[in-house]
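Colleague: Could you walk me through how the labels in this model are assigned? I would like to see each value set beside its cut-off.

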There are 2 protein chains.
Amino acid sequence: MNTETSISTEEAILVAARKVFESKGFDGARMQEISDRAGINRALLHYYFRSKDKMFERIFDEALERFMPLLSTWDQDPDESWELKLKRFISTFITFLKANSMLFLLREIIRKPELLTSRSKKYRKGLNKFVLYFERLKQERQIRSDVDSKHIYIIMHSLCSFPLMNAIVFSYSLRISTKEYDELMAGYPEIVSNLLIQMLKHQNN
Amino acid sequence: MNTETSISTEEAILVAARKVFESKGFDGARMQEISDRAGINRALLHYYFRSKDKMFERIFDEALERFMPLLSTWDQDPDESWELKLKRFISTFITFLKANSMLFLLREIIRKPELLTSRSKKYRKGLNKFVLYFERLKQERQIRSDVDSKHIYIIMHSLCSFPLMNAIVFSYSLRISTKEYDELMAGYPEIVSNLLIQMLKHQNN
DNA sequence: TTTACTTTTAACAAGATTGTTAAAACACTA
DNA sequence: TAGTGTTTTAACAATCTTGTTAAAAGTAAA
């Protein structure tokens, strides 16, 4: 067994598959394109992963495994102020989303919702931490009590995810190049943080 | 020429095609599924629309034609306050998005960016109206001048679009049913409006 | 070098999918 | 009803796509 060679071949396939599945989606992806990109014979894809479905699930799971823990890393540093926690989270989240295509996950989950419901059970509890944390802040009168924590969750995620998913359309609409759009987004995490903090703070006036 | 029959057949095909293309995407859509849904022979699809590509373009264009004018209806009622204008726009926009799948457009534009760049030229100028309007408000000192109008645009669209596109994932994450999610979203347009108005108003403290 | 095992390839098979076509069914008018 | 043009269908053809397989090439140890 030549472990050296087989790992590098498998890895080359995974890299190629990730790229193709992410850009074309499951339905648009072709086994031929993946093997071409990996520089190997198409039959090898089946030798290593049996079928297109199995290979896709491997890629999808890896993407989910990268994504989900991020959503659960919420209640570390219990001494940290909620403002700082929010800032830190938003900044990390947006950086992460730049590198990892959220659209890929969303597109495939909508195609086949079982991908989410059957494969992320172990993370589902963690997802609730955010809402519970903000419920507690409200009870402790640290933030306004007339906002729904679920709405905060939705607003925060929308502000973080959509501008990166929709970059093509936004840069077209705003009549700027994608490079200029990137520059525009440089200051964006700061703006989102401040907006949310402003929204949650007790009103002084 | 039996106009009556042929219009209703063509219309039945378009209704079916819209449904299938929107839920499966171009790559996942099957001509057979469309004709089954329309209750006609598959060859008729080609009789009326020549090819899958042509049929798709018809559906895509119709979706774009429904969507784009909405983004351009901005500078009506010049007497109206900007707050009211914003509220009215957000409310209309969210209602519209509930009925018309934004995800469909986004998915296909990312698959083939020419769909956007070659087919929406006539609307591109209108898209800029929003940014220009807010630039003017800033010069007139009606709103804070330290916010980027492009950021306002991005934030507003993200808050309106993403919660509807991502409904499956959000309701799963929040551990509520899709029905409960709909109820949660009932008060959402109001919240988005207030958030944006709060963000744009001059700070009193 | 021979042997046993793993990796890779070329060729093939099966089925799915789009698109074409000739003829049947239909609708309307003379 | 006969004739003309339109609409619809069944059958077919061509191509694409996934998946299989038998054999070749490679590797490492006895």
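**Labels and their cut-offs**

Modeller: Over all chains, a search of the whole structure finds 32 salt bridges. This is a predicted model, so local features need pLDDT of at least 70 and side-chain atom pairs count only at pLDDT 80 or more, while totals for chains, interfaces and linings use all residues. Residues are numbered from 1 along each chain as its sequence is written, chains are lettered from A and ligands numbered from 1 in the order in which they are written, and side-chain values use heavy atoms, with hydrogens and water left out.

Colleague: Why is the pair Lys122(A) and Glu65(A) called a salt bridge?

Modeller: The rule asks for a side-chain nitrogen of Lys or Arg within 4 Å of a carboxyl oxygen of Asp or Glu. The closest N and O atoms of Lys122(A) and Glu65(A) are 3.3 Å apart, so the pair qualifies. It links distant parts of the chain: Lys122(A) is in helix H8 (residues 121-127) of chain A and Glu65(A) in helix H4 of chain A, 57 residues apart. Helices here are DSSP runs (H or I, at least four residues), numbered from the N terminus.

Colleague: What makes Glu135(B) and Lys138(B) a salt bridge, and where do they lie?

Modeller: Their closest N and O atoms are 3.5 Å apart, so they meet the rule. Both residues lie in helix H9 (residues 129-139) of chain B, 3 residues apart, about one turn of the helix. Glu135(B) is partly exposed at 30% relative accessibility, whereas Lys138(B), at 12%, is buried.

Colleague: How do you know that Arg144(B) and Asp146(B) form a salt bridge?

Modeller: The closest N and O atoms are 2.8 Å apart, so this pair also passes. Arg144(B) is partly exposed at 22% relative accessibility, and Asp146(B) is exposed at 55%. Elsewhere, salt bridges that share partners join Glu10(A), Arg18(A), Arg58(A) and Glu62(A) into one network.

Colleague: Now the rings. Why is the pair Phe21(A) and Phe56(A) called edge-to-face?

Modeller: Rings of Phe, Tyr and Trp (its six-membered ring) pair if their centres lie within 6.5 Å; planes under 30 degrees apart count as stacked, over 60 as edge-to-face and the rest as tilted. The centres of Phe21(A) and Phe56(A) are 5.2 Å apart and their planes are at 80 degrees, so the pair is edge-to-face. Phe21(A) is buried at 0% relative accessible area, and Phe56(A) is buried at 2%.

Colleague: What makes Phe21(B) and Phe26(B) stacked?

Modeller: Those rings are 6.2 Å centre to centre with 10 degrees between the planes, so they count as stacked. Both residues are buried. The count comes to 33 aromatic pairs over all chains.

Colleague: How many salt bridges does the rule find across the interface of chain B and chain A?

Modeller: The number there is 0. The contact (heavy atoms within 4.5 Å) takes 52 residues from chain B and 52 residues from chain A.

Notes
Buried means under 20% relative accessible area, exposed over 50%, partly exposed in between (1.4 Å probe, protein chains only). Helices (H or I, at least four residues) and strands (E, at least two) are DSSP runs, numbered from the N terminus.
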